[in-house]
Amino acid sequence: MKEMQDREVAIFAGGCFWGVEHVMRKMADIESIEAGYIGGHADIVAPTYEQVCMGNTGYVEAVRIVFDPRKESYEHLCKLFFEIHDPTQRDGQGPDIGEQYRSVIFYTSPDQLGTARKVIGELADKGYDVVTQLREATPFYRAEEYHQNYYTKKGTSPYCHSYTKRF
């Protein structure tokens with residue numbers, strides 16, 4: 001039981017959750033990752049993909065990552081997040097436009113908030129106009145099964161997420 005207590009959760013929204021999940025799974029030392037929805041303002045319990053796609057629920061497509069901080073740092077996950085999507089694009093990512101695709105870090109602790117601010121500051125110092133929001137984590141709802149590990153199941157690659165070195 002102690003082993004699970006040593007784990008942390010990171011939640012990132014950066015466009016379509018398929019691409020964020022795919023690239024994070026390949027590039028980070030994580031224990032698990034799942035696609036889902038978070039941050040909604042509508043009175044929807046357990047939102048569906050169809051509801052979130054309407055673009056008026058406040059929910060975003062996001063990934064929830066479980067990691068061991070002894071093997072992977074939250075700072076590295078944040079930096080990787082900023083290198084696999086465009087943090088300067090407001091309300092969308094590539095061809096995916098709408099509030100459900102906005103860039104948000106949902107922090108689960110004051111330390112995560114501090115780290116996210118530090119990393120955003122580093123990007124600002126490099127001239128990036130980062131529009132990524134920082135919000136305290138709210139309940140996360142796992143997306144439907146067909147969204148989980150989507151690109152591996154399909155045998156294709158993300159169309160709007162790729163790696164761009166920024167740090």
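## Helix H2

Helix H2 is mostly covered, with eight of its eleven residues buried, where buried stands for under 20% relative accessible area, exposed for over 50% and partly exposed for what lies in between (1.4 Å probe, protein chains only). The buried residues of H2 are Phe-17, Trp-18, Gly-19, Val-20, Glu-21, His-22, Val-23 and Met-24, and they pack against E1, E2, H3, E3, H4 and helix H6 (150–154). Helices (H or I, at least four residues) and strands (E, at least two) are DSSP runs numbered from the N terminus.

This is a predicted model, in which local features need pLDDT of at least 70 and side-chain atom pairs count only at pLDDT 80 or more, while totals for chains, interfaces and linings use all residues. Residues are numbered from 1 along each chain as its sequence is written, and side-chain values use heavy atoms, with hydrogens and water left out.

The buried positions in H4 are Tyr-74, Leu-77, Cys-78, Leu-80, Phe-81, Phe-82, Glu-83 and Ile-84, and what covers them includes E1, H2, E3, E6 and H5.

The axes of H2 (residues 17–27) and H4 (residues 74–84) come within 11 Å and cross at roughly 130°; axes are lines fitted to C-alpha atoms, for helices over the stretch in contact, and angles run from 0 to 180 degrees between N-to-C directions. H2 and H4 are therefore oblique to each other, given that angles under 35 degrees count as roughly parallel, over 145 as roughly antiparallel, 65 to 115 as roughly perpendicular and the rest as oblique. Their crossing is right-handed, a term for the near helix being turned clockwise from the far one by less than a right angle, with anticlockwise giving left-handed. Val-20, Val-23, Met-24 and Met-27 of H2 meet His-76, Leu-77, Leu-80, Phe-81 and Ile-84 of H4 in this contact, contact meaning heavy atoms within 4.5 Å. By class, the contact of H2 with H4 has eight nonpolar residues, one polar and no charged ones; Ala, Val, Leu, Ile, Met, Phe, Trp, Tyr, Cys and Pro count as nonpolar, Asp, Glu, Lys and Arg as charged, and the others, Gly among them, as polar.

H4 also passes helix H5 (residues 110–125), their axes coming within 10 Å and crossing at roughly 45°, and this crossing too is right-handed. The contact is made by Tyr-74, Glu-75, Cys-78, Lys-79 and Phe-82 of H4 with Gln-112, Thr-115, Ala-116, Lys-118, Val-119, Ile-120, Glu-122 and Leu-123 of H5. The residues of the contact of H4 with H5 divide into seven nonpolar, two polar and four charged.

## The sheet

Six strands form an open sheet of mixed pairing in the order E7-E6-E1-E3-E2-E8, where two strands pair if DSSP finds at least two bridges between them. Strands E7 (133–136) and E8 (141–142) are the edge strands, each pairing on one side only. Strands E2 (residues 32–38) and E3 (residues 60–67) pair in the antiparallel sense over seven bridges, and Ile-33 has Ile-65 in E3 as its bridge partner. H2 packs on the sheet, touching E1 (8–14), E2 and E3, and its direction makes about 160° with that of E2. H4 likewise packs on the sheet, touching E1, E3 and E6 (103–107), with a direction about 10° from that of E1.

Five of the seven residues of E1 are buried, so this strand is largely enclosed by the rest of the structure. E1 pairs with E3 in the antiparallel sense over five bridges, Ile-11 standing opposite Arg-64 in E3. E1 and E6 pair in the antiparallel sense over four bridges, with Ala-13 opposite Val-104 in E6.

## Loop residues

Thr-57 lies in the loop between helix H3 (49–53) and E3, and is buried, with a relative accessible area of 3%. Leaving aside neighbours within four places in sequence, Thr-57 is in contact with Gly-40, His-41, Ala-42, Ile-44, Gln-51, Val-52 and Glu-99.

Most residues other than glycine have a negative phi. Ala-46, in the loop between E2 and H3, has a positive phi of about 55° although it is not a glycine, and counts as partly exposed at 45% relative accessibility. Asn-149, in the loop between E8 and H6, has a positive phi near 55° and is partly exposed, with a relative accessible area of 24%.
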